[in-house]
Amino acid sequence: MIKLIQRILDERKARKREEYLNEWKAKESDLYKKMEYFRELARENESKALSMYYNDMGGGDAYSAAASSYMSEFRKYEKELEKLGFEPEKYL
């Protein structure tokens with residue numbers, strides 16, 4: 001019974017988060033798209049870096065540096081959205 005209630009609460013929370021993100025996608029589509037683009041690039045490069053580290057291949061440092069560069073761009077756009085009222089706590 002408790003698991004059912006927890007699942008319902010989690011689904012409700014996910015639905016509210018999705019509605020909030022869709023609202024911002026419609027409101028500030030350019031900033032939001034850029035923010036998402038750089039976040040995805042950062043995740044992708046971080047994943048490649050970890051893969052290279054675990055497989056003991058060289059070059060992981062370059063991907064890690066690129067990921068941190070993309071993450072700083074992501075933060076820049078996130079801060080611009082925060083100035084407009086975007087709340088990252090609801091985003092996570």
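Trainee: Why is Asn 45 called buried?
Mentor: This is a predicted model, and the label rests on a computed value. The relative accessible area of Asn 45 is 9%, and buried means under 20%, so Asn 45 is called buried. Asn 45 is found in helix H2. Setting aside residues up to four places away in sequence, Asn 45 touches Tyr 63, Ala 66, Ala 67 and Tyr 70.

Trainee: What makes those residues count as contacts of Asn 45?
Mentor: The criterion is heavy atoms within 4.5 Å. Tyr 63, Ala 66, Ala 67 and Tyr 70 are in contact with Asn 45 on that basis.

Trainee: Which other residues of H2 are buried?
Mentor: Besides Asn 45, the buried residues of H2 are Leu 31, Tyr 32, Met 35, Phe 38, Arg 39, Leu 41, Ala 42, Ala 49 and Met 52.

Trainee: What makes Tyr 53 partly exposed?
Mentor: Tyr 53 has a relative accessible area of 40%. Buried requires a value under 20% and exposed a value over 50%, with partly exposed in between; therefore Tyr 53 is partly exposed. Tyr 53 also has its place in helix H2. Apart from neighbours within four places in sequence, Tyr 53 is in contact with Gly 60, Asp 61 and Ser 64.

Trainee: How do you know that the span of helix H1 agrees with expectation?
Mentor: Helix H1 covers residues 2-27, which is 26 residues. At 1.5 Å a residue, H1 should span 38 Å, and its end C-alpha atoms are 37 Å apart, so the two values agree. The buried residues of H1 are Tyr 20, Leu 21 and Trp 24.

Trainee: How do the spans of H2 and H3 compare with what is expected?
Mentor: Helix H2, residues 29-54, has 26 residues and reaches 37 Å from its first C-alpha to its last, close to the expected 38 Å. H3 has 24 residues and reaches 35 Å, close to the 34 Å expected.

Trainee: Why is Lys 16 called exposed?
Mentor: The relative accessible area of Lys 16 is 55%, and exposed means over 50%, so the label applies to Lys 16. Lys 16 has its place in helix H1. Between the C-alpha atoms of Lys 16 and Ala 65 there are 34 Å in space, and the two are 49 residues apart in sequence.

Trainee: Is Glu 78 buried or exposed, and what makes it so?
Mentor: Glu 78 is buried: its relative accessible area is 9%, and the cut-off is under 20%. Glu 78 has its place in helix H3, residues 60-83. Leaving aside neighbours within four places in sequence, Glu 78 is in contact with Met 35 and Pro 88. The buried residues of H3 include Gly 60, Ala 67, Phe 74, Tyr 77 and Leu 81 as well as Glu 78.

Trainee: What makes Ala 62 exposed?
Mentor: Ala 62 has a relative accessible area of 55%, and exposed means over 50%, so Ala 62 is called exposed. Ala 62 is placed in helix H3. The C-alpha atoms of Ala 62 and Glu 78, 16 residues apart along the chain, are separated by 24 Å.

Trainee: Which residues after H2 and H3 have a positive phi?
Mentor: Just after H2, Asp 56 takes a positive phi of about 55 degrees. H3 is followed by Gly 85, whose positive phi is near 115 degrees.

Trainee: What is the pattern of the chain along the sequence?
Mentor: The chain reads α-α-α-α, with four helices and zero strands.

Trainee: Why is the chain called more spread out than a compact globule?
Mentor: The globule rule gives 12 Å for 92 residues, whereas the radius of gyration of the chain is 17 Å, well over that value, so the chain is more spread out than a compact globule. Along the principal axes, the C-alpha atoms fill a box of roughly 50 × 40 × 15 Å. Buried residues make up 24% of the 92 residues.

Trainee: How many positive and negative side chains does the chain have?
Mentor: There are 19 positive and 19 negative side chains, and the centres of the two sets lie 5 Å apart.

Notes:
Residues are numbered from 1 along each chain as its sequence is written. This is a predicted model: local features need pLDDT of at least 70, side-chain atom pairs count only at pLDDT 80 or more; totals for chains, interfaces and linings use all residues. Side-chain values use heavy atoms; hydrogens and water are left out. Helices (H or I, at least four residues) and strands (E, at least two) are DSSP runs, numbered from the N terminus. The radius of gyration is taken over C-alpha atoms; the globule rule is 2.2 Å times the number of residues to the power 0.38. Buried means under 20% relative accessible area, exposed over 50%, partly exposed in between (1.4 Å probe, protein chains only). Lys and Arg count as positive and Asp and Glu as negative; His and the chain ends are not counted. The place of a charge is taken as NZ of Lys, CZ of Arg, CG of Asp or CD of Glu. The expected span of a helix is 1.5 Å times one less than its number of residues.
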